[in-house]
Amino acid sequence: MCLAIPMKLKKIEGSKAIGEAGGLTKEIRVDFIDTPAPGDYVMVHAGFAIQKMTEAEALENIALMEEIEHAL
């Protein structure tokens, strides 16, 4: 099973970006996102940003993932 996670875009260079989640950074592709900008929150799957999301949506997703982690 694969899981997409919310990440905040920190830096963008062409079709590549640095995304941050939980204090970890990862290089991701932003080919599928219209006008990505630093500070945007995106849903990332398999190294690709697949959808923009609001900060509220991202924080809600992060909180739910943390809740699941603590339940295990």
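## Paired strands

Strands S2 (residues 16–21) and S3 (residues 24–29) pair in the antiparallel sense over 6 bridges; strands count as paired if DSSP finds at least two bridges between them. Lys16 has Arg29 of S3 as its bridge partner. S2 and S3 form a hairpin with 2 residues between them, and Gly22 in the turn has a positive phi of about 60 degrees.

## Basis of the model

This is a predicted model, in which local features need pLDDT of at least 70 and side-chain atom pairs count only at pLDDT 80 or more, while totals for chains, interfaces and linings use all residues. Residues are numbered from 1 along each chain as its sequence is written, and side-chain values use heavy atoms, with hydrogens and water left out.

## Overall fold

The chain has 1 helix and 5 strands, in the order β-β-β-β-β-α along the sequence. Helices (H or I, at least four residues) and strands (E, at least two) are DSSP runs, numbered from the N terminus.

The C-alpha trace spans about 40 × 25 × 20 Å along its principal axes. Of the contacts in the chain with a separation of 6 or more, 31% join residues 24 or more positions apart; a contact means heavy atoms within 4.5 Å.

## Burial and charge

Of the 72 residues in the chain, 24% are buried, meaning under 20% relative accessible area (1.4 Å probe, protein chains only).

The chain carries 7 positive and 12 negative side chains. Lys and Arg count as positive, Asp and Glu as negative, and His and the chain ends are not counted. The centres of the two sets lie 10 Å apart, with each charge placed at NZ of Lys, CZ of Arg, CG of Asp or CD of Glu.

How values were computed:
Buried < 20%, exposed > 50% of the residue type's maximum accessible area, 1.4 Å probe, protein only.
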